[in-house]
Amino acid sequence: MQLDTRAQTLLKALVERYIADGQPVGSRALSKISGLELSPATIRNIMADLEELGYVASPHTSAGRVPTPRGYRIFVDTLLTVQPFDEQSMESHMRLQAPQPQKMISNAAQMLSSLSQFAGVVLSPRRESVFQQIEFLRLGEKRILLVIVGPTGDVQNRMLLTDVDYSPSQLVQSANYINQNYGGLSFEDVHRRLQAEVRQLRDDMSRLMQVAVEAGSEAMADDKDDMVIAGERNLLSVSDLSSNMSSLRQMFDMFEQKTGLLQLLDVSSKANGVQIYIGGESSLVPMDEMSVVTAPYTANGKIVGTLGVIGPTRMAYERVIPIVDITAKLLSNALSHTQP
């Protein structure tokens, strides 16, 4: 339902006042802060309508009202006035770091936390499991060292324990077959193609290649810091999040397990610009009292990750949104200048 101008003004005033002091907002306070020349009875009627529509709620302990997740949603989508942020000071901060992608990502998480006074999170760029070539080195009976050379020349090793004792010539033959036919592909693509193509090879050679591809895929998956979180302890001072032990456990379980956050950040990487996930509204946010503001970042024009701020639902969105937006742009610019 489309709210009229008076209802929008009152809802905006209520959300802003509640974010500022955390107390239910009564009709008398709204009449003073909204700027509308309305009678108390008219304001009460409009607030009753907003409550019926699910935008505000009345706590049992007070006659005032508080915003609901649905109220926060219409506020951030249509009523919010974003404050300009000092982009130059943020940019000078980003210029101080060394040209190392993982260090930039860590610094971006720290900056998000420091500027918002909540927790900053950055989902690191995904490393594609592409290899340029592989080698097999026989270490002993049924023990082989798999050497993986990536597109940029980085090298990873994996130990393979096999059922068959392969000769050096068999190892060279297998490596040559993989490099000539699959070099430059991802291990996932090689695995799919091997299923159909290696039937013509001897069974023991086929088995070696499949084991190597599985090990290579695992090596690539293990060799990444999937997420950087900074400032978790800031949330301990937020009464909305730390008011009871159950909430605290839930919050730090989220940071420790990371699965839910990874899913949220992965979803937001497919969206354009800043996204706001509000607790109680989005199933991706594990706590009703928590919101996450995210934005994707790029390297050379390609989206490679997501960053954001984790804080209470009662956060100053008009401040946090530009912090997240500008940090994403600055990190994108920094990464693009360091990528080959």
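In the predicted model, Lys270 and Asp266 form a salt bridge in which the closest N and O atoms are 3.2 Å apart. Lys270 is exposed, at 63% relative accessibility, whereas Asp266 is partly exposed, at 21%. The count of salt bridges comes to eight.

Two further pairs join separate parts of the chain. Arg65 forms a salt bridge with Glu51, with 2.8 Å between the closest N and O atoms. This pair links distant parts of the chain, 14 residues apart: Arg65 lies in the loop between strand E1 (56–57) and strand E2 (66–67), and Glu51 belongs to helix H3 (residues 40–52). Arg65 has a relative accessible area of 14% and is therefore buried; Glu51, at 29%, is partly exposed. A salt bridge also connects Arg138 with Asp165, the closest N and O atoms again being 2.8 Å apart. Because Arg138 lies in strand E4 (residues 133–140) and Asp165 in the loop between strand E6 (155–161) and helix H7 (168–182), the pair ties together parts that are 27 residues apart in sequence. Arg138 is partly exposed, with a relative accessible area of 39%, and Asp165 is partly exposed at 34%.

An open sheet of five strands shows antiparallel pairing in the order E7-E3-E10-E9-E8. Its edge strands, E7 (227–230) and E8 (275–278), each pair on one side only. On average, neighbouring strands of the sheet are turned by 20° against each other, direction ignored. Within the sheet, strand E3 (residues 119–123) is joined to the antiparallel strand E10 (residues 302–312) by five bridges; Leu123 has Thr306 in E10 as its bridge partner. Helix H6 (residues 101–116) lies across E3, E7, E9 (290–299) and E10, and runs at about 155° to E3.

Key. Residues numbered from 1 in each chain as written. Predicted model: local features only at pLDDT ≥ 70, side-chain atom pairs only at ≥ 80, totals over all residues. Heavy atoms only, no water. Pairing = 2+ DSSP bridges. Helix = DSSP H or I, 4+ residues; strand = E, 2+ residues; numbered from the N terminus. Axes fitted to C-alpha atoms, helices over the stretch in contact; angles between N-to-C directions. Contact = heavy atoms within 4.5 Å. Salt bridge = Lys/Arg side-chain N within 4 Å of Asp/Glu carboxyl O. Buried < 20%, exposed > 50% of the residue type's maximum accessible area, 1.4 Å probe, protein only.
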